[in-house]
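I opened a new structure today. These are my notes on what I looked up.

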Amino acid sequence: NVKSTFDLLEWSRNTGVQKFIFTSTGNVYSPKNDLLREHDLCLPTSMYAATKLSAEYIIQQYAEIFHGIVLRLFGIYGPHQQGMIIPTMIECVKTGDEIILADGKGIYLTPLYISDCVEIIRKLLEYPSLHQFELFNVSGSEILHLGEIVSKISKVLRVEPNVKIVDNEPKYLQG
């Protein structure tokens, strides 16, 4: 994430790009059981999130050259997606694999469908710059916990999920 972003920034600088839009992740934030806002503390807990945050800092250094926009994405889902939470839950419900949910909830999310995310990015291409560097959280407007998502998947697939409820506190990743 760091090297490829730097290479793209350098290419952009050398070719006269005027606006650079970067997709980051909501995982850069310190966990919080409330909506995460752009000014909240960042404390990444994975290599992926740490490299995304590092790339964000590098983008800020190009603010004198072109307009930089960082989008911290939350819960993007859609067709053909693999390895992310919602397609993983779909697969677990289909196969009967055990789904472990803290307090019956698991994690609170603000999922956003991919076409809505693409529309936001498209509008940002035409967005008039207020500052040379801007940061936005991008998420859905509805707060759902993973238990609710699994229940919806179960109803659509008409398959009873294999859920194990554990006595832990749910997590939160809400933009």
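First a term: I count a residue towards a surface patch if it has over 30% relative accessible area and no salt bridge, and I join nonpolar side chains within 5 Å. The model is a predicted one.

Entry, surface. I looked for a nonpolar patch and found one of about 230 Å², made by Tyr113, Ile114 and Val118. Val118 sits in helix H4, residues 114-126. Its relative accessible area is 47%, so I noted Val118 as partly exposed. Tyr113 is also partly exposed, at 32%.

Entry, aromatic rings. I counted six aromatic pairs. How far apart are the ring centres of Tyr77 and Tyr113? They lie 5.3 Å apart. The planes stand at 70°, and over 60 counts as edge-to-face, so I wrote the pair down as edge-to-face. Tyr77 belongs to strand E3 (76-77) and Tyr113 to strand E6 (112-113).

I turned to the largest nonpolar core, which has 19 residues. Met89, Ile99, Leu146, Ile149, Val150 and Leu173 have the most contacts inside it. Helices H3 (85-95) and H5 (146-157) each give two or more residues to this core, as do strands E4 (98-102) and E5 (107-109). Which residues touch Val150, leaving aside neighbours within four places in sequence? I listed Met89, Val93, Ile99, Pro161 and Val163.

Terms used
Residues numbered from 1 in each chain as written. Predicted model: local features only at pLDDT ≥ 70, side-chain atom pairs only at ≥ 80, totals over all residues. Heavy atoms only, no water. Core = buried A, V, L, I, M, F, W, Y, C linked by side-chain atoms within 4.5 Å. Buried < 20%, exposed > 50% of the residue type's maximum accessible area, 1.4 Å probe, protein only. Helix = DSSP H or I, 4+ residues; strand = E, 2+ residues; numbered from the N terminus. Contact = heavy atoms within 4.5 Å. Patch = residues over 30% accessible without salt bridge, like charges linked within 9 Å, V, L, I, M, F, W, Y side chains within 5 Å. Areas by Shrake-Rupley, 256 points an atom, 1.4 Å probe, with all protein chains shown as cover. Salt bridge = Lys/Arg side-chain N within 4 Å of Asp/Glu carboxyl O. Phe/Tyr/Trp six-rings, centres within 6.5 Å; stacked < 30°, edge-to-face > 60°.
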